[in-house]
Amino acid sequence: MEKLVIIPTYNEKENIAAILHAVFSLNLGYHVLVIDDNSPDGTASIVKALFSAYPGQLFLEERKGKQGLGTAYIHGFRWAVNKQYNFIFEMDADFSHSPADLERLYHACKKDGADLAIGSRYVPGGKIENWPFDRHLYSRGGSLYTRMITWMPVKDPTAGFMCYTRRVLETINLDAIRFVGYAFQIEMKFAAWKLGFKIKEVPIVFVDRKVGVSKMSKGILKEGVLGVLKIQWNSMFKNYKKRVDAGNLKHK
(Lines give C-alpha, C1' and ligand atoms only; values in the text may rest on other atoms or scores of the structure.)
Protein backbone atom coordinates (compact mmCIF):
# COMPACT_ATOMS: atom_id res chain seq x y z
CA MET A 1 0.00 0.00 0.00
CA GLU A 2 2.68 2.47 -1.05
CA LYS A 3 1.31 4.57 -3.94
CA LEU A 4 -2.29 5.41 -4.88
CA VAL A 5 -3.33 7.62 -7.80
CA ILE A 6 -6.79 9.18 -7.43
CA ILE A 7 -8.51 10.04 -10.71
CA PRO A 8 -11.92 11.75 -10.51
CA THR A 9 -14.10 11.31 -13.59
CA TYR A 10 -17.22 12.69 -15.19
CA ASN A 11 -17.81 11.74 -18.84
CA GLU A 12 -14.27 10.57 -19.58
CA LYS A 13 -15.02 7.50 -21.71
CA GLU A 14 -12.57 8.67 -24.41
CA ASN A 15 -9.68 8.88 -21.95
CA ILE A 16 -10.18 6.56 -19.00
CA ALA A 17 -8.94 3.25 -20.42
CA ALA A 18 -5.89 4.89 -22.00
CA ILE A 19 -4.87 6.77 -18.85
CA LEU A 20 -5.23 3.62 -16.74
CA HIS A 21 -3.12 1.60 -19.19
CA ALA A 22 -0.49 4.38 -19.14
CA VAL A 23 -0.24 4.38 -15.34
CA PHE A 24 -0.10 0.62 -14.95
CA SER A 25 2.35 0.19 -17.82
CA LEU A 26 4.90 2.10 -15.77
CA ASN A 27 5.23 -1.11 -13.72
CA LEU A 28 6.21 0.88 -10.65
CA GLY A 29 3.64 -0.37 -8.15
CA TYR A 30 0.96 2.26 -8.59
CA HIS A 31 -2.61 1.51 -7.61
CA VAL A 32 -5.43 3.64 -9.04
CA LEU A 33 -8.73 4.71 -7.50
CA VAL A 34 -11.24 6.11 -9.98
CA ILE A 35 -14.02 8.19 -8.43
CA ASP A 36 -16.87 8.51 -10.90
CA ASP A 37 -19.79 10.87 -10.41
CA ASN A 38 -22.38 8.75 -12.22
CA SER A 39 -21.06 9.63 -15.68
CA PRO A 40 -23.90 9.23 -18.19
CA ASP A 41 -21.38 8.23 -20.89
CA GLY A 42 -20.53 4.93 -19.17
CA THR A 43 -17.08 5.79 -17.80
CA ALA A 44 -17.63 3.59 -14.74
CA SER A 45 -18.54 0.58 -16.91
CA ILE A 46 -15.25 0.91 -18.77
CA VAL A 47 -13.36 0.91 -15.47
CA LYS A 48 -15.23 -2.17 -14.26
CA ALA A 49 -14.38 -3.99 -17.47
CA LEU A 50 -10.69 -3.49 -16.66
CA PHE A 51 -10.83 -4.98 -13.16
CA SER A 52 -9.76 -8.40 -14.39
CA ALA A 53 -6.76 -6.94 -16.19
CA TYR A 54 -5.51 -5.18 -13.06
CA PRO A 55 -6.63 -7.26 -10.05
CA GLY A 56 -5.82 -5.67 -6.71
CA GLN A 57 -4.53 -2.53 -8.43
CA LEU A 58 -7.62 -0.84 -9.86
CA PHE A 59 -10.50 0.37 -7.71
CA LEU A 60 -13.70 2.29 -8.38
CA GLU A 61 -15.92 4.40 -6.16
CA GLU A 62 -19.22 5.47 -7.74
CA ARG A 63 -21.14 8.48 -6.45
CA LYS A 64 -24.72 9.55 -7.08
CA GLY A 65 -24.42 12.49 -9.44
CA LYS A 66 -21.97 15.26 -10.20
CA GLN A 67 -20.77 16.56 -6.82
CA GLY A 68 -17.62 18.44 -7.73
CA LEU A 69 -13.88 17.88 -7.95
CA GLY A 70 -13.13 18.81 -4.36
CA THR A 71 -15.60 16.41 -2.78
CA ALA A 72 -14.38 13.64 -5.11
CA TYR A 73 -10.80 14.09 -3.96
CA ILE A 74 -11.79 14.28 -0.29
CA HIS A 75 -13.75 11.04 -0.74
CA GLY A 76 -10.61 9.53 -2.26
CA PHE A 77 -8.32 10.91 0.45
CA ARG A 78 -10.42 9.30 3.16
CA TRP A 79 -10.46 6.01 1.25
CA ALA A 80 -6.68 6.13 0.84
CA VAL A 81 -5.97 6.96 4.48
CA ASN A 82 -8.30 4.17 5.61
CA LYS A 83 -6.38 1.73 3.40
CA GLN A 84 -3.06 3.04 4.79
CA TYR A 85 -1.48 4.18 1.51
CA ASN A 86 1.69 6.19 2.15
CA PHE A 87 1.71 8.42 -0.94
CA ILE A 88 -1.52 9.69 -2.47
CA PHE A 89 -1.61 11.38 -5.88
CA GLU A 90 -4.09 13.65 -7.62
CA MET A 91 -4.20 13.34 -11.40
CA ASP A 92 -6.61 14.24 -14.21
CA ALA A 93 -7.96 11.61 -16.59
CA ASP A 94 -7.41 13.62 -19.77
CA PHE A 95 -3.60 13.33 -20.14
CA SER A 96 -3.03 16.97 -19.25
CA HIS A 97 -0.84 15.39 -16.55
CA SER A 98 1.70 12.90 -17.85
CA PRO A 99 1.79 9.58 -15.98
CA ALA A 100 5.55 9.58 -16.58
CA ASP A 101 5.81 12.47 -14.09
CA LEU A 102 4.24 10.51 -11.23
CA GLU A 103 7.59 9.08 -10.22
CA ARG A 104 9.17 12.54 -10.09
CA LEU A 105 6.49 13.68 -7.63
CA TYR A 106 6.96 10.47 -5.64
CA HIS A 107 10.73 10.98 -5.41
CA ALA A 108 10.21 14.57 -4.21
CA CYS A 109 8.36 13.15 -1.21
CA LYS A 110 10.06 9.79 -0.71
CA LYS A 111 13.68 10.85 -1.26
CA ASP A 112 13.76 14.66 -0.99
CA GLY A 113 11.66 14.94 2.16
CA ALA A 114 8.68 16.89 0.84
CA ASP A 115 5.33 16.39 2.53
CA LEU A 116 3.49 17.69 -0.53
CA ALA A 117 4.91 17.65 -4.06
CA ILE A 118 3.20 19.83 -6.67
CA GLY A 119 3.47 19.31 -10.42
CA SER A 120 4.07 22.95 -11.29
CA ARG A 121 3.66 24.78 -14.58
CA TYR A 122 5.23 27.97 -13.26
CA VAL A 123 8.64 27.03 -11.90
CA PRO A 124 11.73 26.85 -14.16
CA GLY A 125 11.32 23.90 -16.52
CA GLY A 126 7.54 23.90 -16.30
CA LYS A 127 5.30 24.98 -19.17
CA ILE A 128 1.87 24.67 -20.80
CA GLU A 129 1.18 23.37 -24.30
CA ASN A 130 -1.84 23.91 -26.56
CA TRP A 131 -3.67 26.47 -24.45
CA PRO A 132 -5.33 29.50 -26.05
CA PHE A 133 -4.20 32.93 -24.91
CA ASP A 134 -7.20 33.54 -22.65
CA ARG A 135 -6.57 30.32 -20.67
CA HIS A 136 -2.94 31.35 -20.16
CA LEU A 137 -4.11 34.75 -18.97
CA TYR A 138 -6.67 33.37 -16.53
CA SER A 139 -4.24 30.82 -15.12
CA ARG A 140 -1.24 33.14 -14.76
CA GLY A 141 -3.41 35.90 -13.39
CA GLY A 142 -5.11 33.54 -10.97
CA SER A 143 -1.80 32.26 -9.66
CA LEU A 144 -0.43 35.77 -9.15
CA TYR A 145 -3.67 36.91 -7.53
CA THR A 146 -3.66 33.93 -5.15
CA ARG A 147 -0.06 34.51 -4.10
CA MET A 148 -0.69 38.22 -3.51
CA ILE A 149 -3.77 37.58 -1.36
CA THR A 150 -2.62 34.55 0.63
CA TRP A 151 1.17 35.16 0.74
CA MET A 152 1.55 31.42 0.13
CA PRO A 153 4.99 30.63 -1.38
CA VAL A 154 3.62 28.39 -4.14
CA LYS A 155 3.99 29.51 -7.76
CA ASP A 156 1.24 27.23 -9.10
CA PRO A 157 -1.43 27.28 -6.36
CA THR A 158 -4.23 25.98 -8.62
CA ALA A 159 -2.24 22.96 -9.82
CA GLY A 160 -4.11 19.67 -9.75
CA PHE A 161 -1.22 17.20 -10.17
CA MET A 162 0.16 16.41 -6.73
CA CYS A 163 1.55 13.87 -4.31
CA TYR A 164 0.57 13.99 -0.64
CA THR A 165 2.16 11.96 2.09
CA ARG A 166 -0.41 10.19 4.24
CA ARG A 167 0.66 12.29 7.23
CA VAL A 168 -0.58 15.46 5.51
CA LEU A 169 -4.01 14.00 4.79
CA GLU A 170 -4.28 12.55 8.28
CA THR A 171 -3.42 15.93 9.79
CA ILE A 172 -5.70 18.18 7.73
CA ASN A 173 -9.28 18.29 8.95
CA LEU A 174 -10.89 17.47 5.61
CA ASP A 175 -14.31 18.54 6.91
CA ALA A 176 -12.95 22.11 7.03
CA ILE A 177 -12.17 22.13 3.29
CA ARG A 178 -15.32 23.63 1.76
CA PHE A 179 -14.56 24.43 -1.86
CA VAL A 180 -15.12 22.19 -4.90
CA GLY A 181 -13.26 23.80 -7.84
CA TYR A 182 -10.04 25.78 -8.17
CA ALA A 183 -10.43 27.08 -4.64
CA PHE A 184 -10.31 23.49 -3.36
CA GLN A 185 -6.84 23.03 -4.83
CA ILE A 186 -5.75 26.34 -3.33
CA GLU A 187 -7.12 25.62 0.15
CA MET A 188 -5.55 22.18 0.37
CA LYS A 189 -2.13 23.70 -0.36
CA PHE A 190 -2.85 26.61 1.96
CA ALA A 191 -3.84 24.28 4.80
CA ALA A 192 -0.71 22.17 4.33
CA TRP A 193 1.45 25.31 4.33
CA LYS A 194 -0.25 26.76 7.43
CA LEU A 195 0.27 23.47 9.25
CA GLY A 196 4.00 23.65 8.57
CA PHE A 197 4.39 20.89 6.00
CA LYS A 198 7.26 21.02 3.50
CA ILE A 199 6.06 21.81 -0.02
CA LYS A 200 8.15 21.23 -3.13
CA GLU A 201 7.22 22.26 -6.67
CA VAL A 202 8.34 19.91 -9.44
CA PRO A 203 8.33 21.30 -13.00
CA ILE A 204 5.95 19.57 -15.43
CA VAL A 205 4.70 20.11 -18.95
CA PHE A 206 0.93 20.56 -18.83
CA VAL A 207 -0.76 19.57 -22.10
CA ASP A 208 -4.33 20.62 -22.84
CA ARG A 209 -6.77 17.74 -23.33
CA LYS A 210 -7.06 16.38 -26.87
CA VAL A 211 -10.40 14.57 -26.47
CA GLY A 212 -13.39 15.06 -24.21
CA VAL A 213 -14.83 18.26 -22.80
CA SER A 214 -13.19 20.58 -20.27
CA LYS A 215 -14.99 20.91 -16.94
CA MET A 216 -13.97 24.58 -16.57
CA SER A 217 -16.88 26.97 -16.02
CA LYS A 218 -17.58 30.55 -14.96
CA GLY A 219 -18.80 29.22 -11.63
CA ILE A 220 -15.47 27.50 -10.97
CA LEU A 221 -13.56 30.66 -11.89
CA LYS A 222 -15.81 32.76 -9.64
CA GLU A 223 -15.26 30.32 -6.76
CA GLY A 224 -11.53 30.68 -7.27
CA VAL A 225 -11.62 34.48 -7.11
CA LEU A 226 -13.94 34.76 -4.12
CA GLY A 227 -12.63 31.62 -2.43
CA VAL A 228 -9.09 33.00 -2.17
CA LEU A 229 -10.41 36.04 -0.33
CA LYS A 230 -12.44 33.84 2.02
CA ILE A 231 -9.49 31.52 2.70
CA GLN A 232 -7.25 34.42 3.67
CA TRP A 233 -9.99 36.12 5.70
CA ASN A 234 -10.62 32.93 7.68
CA SER A 235 -6.91 32.44 8.27
CA MET A 236 -6.55 35.94 9.69
CA PHE A 237 -9.58 36.21 11.93
CA LYS A 238 -11.00 32.76 12.70
CA ASN A 239 -8.04 30.76 13.98
CA TYR A 240 -7.78 28.90 10.70
CA LYS A 241 -4.81 26.77 11.71
CA LYS A 242 -6.66 25.17 14.61
CA ARG A 243 -9.75 24.60 12.48
CA VAL A 244 -7.88 22.71 9.76
CA ASP A 245 -5.73 20.66 12.15
CA ALA A 246 -7.46 17.33 12.75
CA GLY A 247 -5.20 16.75 15.76
CA ASN A 248 -6.82 19.62 17.61
CA LEU A 249 -10.25 18.08 17.08
CA LYS A 250 -9.10 14.69 18.40
CA HIS A 251 -7.85 16.26 21.62
CA LYS A 252 -10.95 18.33 22.35
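Visitor: Which helix holds glutamate 187, and which side chain of opposite charge is nearest?
Guide: In this predicted model, glutamate 187 lies in helix 7, residues 182–194. Glutamate 187 is buried yet has no salt bridge. A salt bridge needs a nitrogen within 4 Å of a carboxyl oxygen, and the nearest side chain of opposite charge is 4.6 Å away: arginine 243.

Visitor: Is tyrosine 164 buried or exposed?
Guide: Happy to look at that one! Tyrosine 164 sits in strand 7, residues 162–165, and beyond its sequence neighbours up to four places away it touches residues including Phe77, Asp115 and Met188. Buried means under 20% relative accessible area. Because its relative accessibility is 0%, tyrosine 164 counts as buried.

Visitor: How far apart are the closest N and O atoms of aspartate 37 and arginine 63?
Guide: Both partners count as buried, aspartate 37 at 5% relative accessibility and arginine 63 at 9%. They form a salt bridge, with the closest N and O atoms at a separation of 2.7 Å.

Visitor: What separates arginine 166 and glutamate 170 along helix 6?
Guide: These two form a salt bridge, with the closest N and O atoms 3.2 Å apart. Because they are 4 residues apart in helix 6, the separation is about one helical turn.

Terms used. Residues are numbered from 1 along each chain as its sequence is written. This is a predicted model: local features need pLDDT of at least 70, side-chain atom pairs count only at pLDDT 80 or more; totals for chains, interfaces and linings use all residues. Side-chain values use heavy atoms; hydrogens and water are left out. Helices (H or I, at least four residues) and strands (E, at least two) are DSSP runs, numbered from the N terminus. Buried means under 20% relative accessible area, exposed over 50%, partly exposed in between (1.4 Å probe, protein chains only). Lys and Arg count as positive and Asp and Glu as negative; His and the chain ends are not counted. Contact means heavy atoms within 4.5 Å.
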